[in-house]
Amino acid sequence: MKSPNNKDLAGFRDVQNLAYRCAETVASQMTPGITERETAALMQAFLDAEGADDCFHRPFAWFGDRTAFRGFIGFKHLGGFNPAFYPGHRRLEENMPFILDCAPTCNGYTADIGYCGVIGSNPTLDKLMDDLLEYRVLILDLVRQRRTLAEVSRAVDQLCQKHGYEPRHKAYPFEVLAHRVEKLEDDGQKRHLSLARFGVRNISALLKERLRGAKEGWSPLWNSGAGSEHPPTPGLWAVEPHLGFRGIGAKWEELLVVTEDDAFWLDDDVPQVRRWKERGLWEQSCETAAA
């Protein structure tokens, strides 16, 4: 399995930037009273207008205690049959946290991002979002050490326990902390089939990689289980530590690039990093890492 080349990294970076622009643009338009479904529809309209031709999944939006996946049950299938997971009729209120999540594909390149925010203020959400920096640093450090993916996932779980948070990514399909994204063949079509909000081509590619990995001793689904007891495999991984605390959830999701002997985040010019820099947390983290 080879590391992605510079051309492909540029393609993935472009679509990740599109996904974040979608989340930031729609977040700036949201007002109290809007529903999750209406928000997800705005996100899809933005992506369509900007040239997205497929998706890993269509946009999700979660408000209030749904950001912590309150009432969601951990499940091990692809997520197509859990109604609670989908955008619903919950209306946004002042000071209520929200999470926007989208995974567009453009010209065969896919990104999967998560974005947190609030209309007003929410000190608990601020604390969760501040602490999420530590998870980003931890994940990259352990992957660079070539620790197994299961070890990295368990280290994230342990950090959640230390902070007193619930690891709500365990409510995702297969309890994943991350999943691979693959470059798809660019067939020139401007619309592709989705089923139960998931893009057929991307899910098919993931299933093929799972079958291939089962033969070769690795998995494209990264969690704390035995299937992830292998060193990081080269490629791109959509990583999403999701924290929950007293009915409030927060996460980021972005692409991690793994090579044969190194790893790095695809882009540091992303909303969560810009936020940490504005709050003076990024420099503190860099100083601690250098010490």
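Student: Which residues are buried in helix α6?
Tutor: Helix α6 covers residues 271-278, and Pro271, Gln272, Val273, Arg275 and Trp276 are buried there. Buried means under 20% relative accessible area, exposed means over 50%, and partly exposed lies in between, with a 1.4 Å probe and protein chains only. Helices are DSSP runs of H or I with at least four residues, strands are runs of E with at least two, and both are numbered from the N terminus.

Student: What kind of model is this, and how are residues numbered?
Tutor: This is a predicted model, in which local features need pLDDT of at least 70 and side-chain atom pairs count only at pLDDT 80 or more, while totals for chains, interfaces and linings use all residues. Residues are numbered from 1 along each chain as its sequence is written, and side-chain values use heavy atoms, with hydrogens and water left out.

Student: Back to α6: what follows it?
Tutor: Gly280 follows α6, and its phi is positive, near 75°.

Student: Which residue other than glycine has phi near 65°?
Tutor: That is Arg146, with a positive phi near 65°. Arg146 sits in the loop between α3 (123-144) and α4. Its relative accessible area is 27%, so Arg146 is partly exposed. As background, most residues other than glycine have a negative phi.

Student: And what about Ala196, where is it found?
Tutor: Ala196 is in the loop between β7 (194-195) and β8 (198-199). Its phi is positive as well, about 55°, although Ala196 is not a glycine. With a relative accessible area of 36%, Ala196 is partly exposed.

Student: Change of topic. How many helices and strands does the chain have?
Tutor: The chain has 7 helices and 14 strands. Its radius of gyration is 18 Å, close to the 19 Å given by the globule rule for 291 residues, so the chain is as compact as a globular protein of that length. The radius is taken over C-alpha atoms, and the rule is 2.2 Å times the number of residues to the power 0.38. Along the principal axes, the C-alpha atoms fill a box of roughly 50 × 50 × 35 Å.

Student: Which residues touch the most other members of the largest nonpolar core?
Tutor: That core has 87 residues, and Met30, Phe98, Leu100, Ile139, Trp222, Val239 and Leu256 touch the most other members. A nonpolar core is a set of buried Ala, Val, Leu, Ile, Met, Phe, Trp, Tyr and Cys residues joined through side-chain atoms within 4.5 Å.

Student: What does Val239 touch?
Tutor: Leaving aside residues up to four places away in sequence, Val239 touches Ile139, Leu177, Ala178, Trp222, Trp252, Glu253, Glu254, Leu256 and Trp265. Contact means heavy atoms within 4.5 Å.

Student: What share of contacts joins residues at least 24 apart?
Tutor: Among contacts between residues at least 6 apart in sequence, 75% join residues at least 24 apart.

Student: Is Leu159 buried or exposed?
Tutor: Leu159 has 8% relative accessibility and so counts as buried. Leu159 lies in helix α4. Not counting residues up to four places away in sequence, it touches Glu134, Tyr135 and Leu138.

Student: Where is Glu166?
Tutor: Glu166 is in strand β5 (residues 166-167). At 42% relative accessibility, Glu166 counts as partly exposed. Apart from residues up to four places away in sequence, Glu166 touches His242, Leu243 and Gly244. Glu166 and Phe245 are 79 residues apart along the chain, and their C-alpha atoms are separated by 6.4 Å.

Student: Last one: which residues does Asn107 touch?
Tutor: Asn107 touches Asp53 and Asp186, with residues up to four places away in sequence not counted. Asn107 is in the loop between β2 (97-106) and β3 (109-110), and its relative accessibility of 43% makes it partly exposed.
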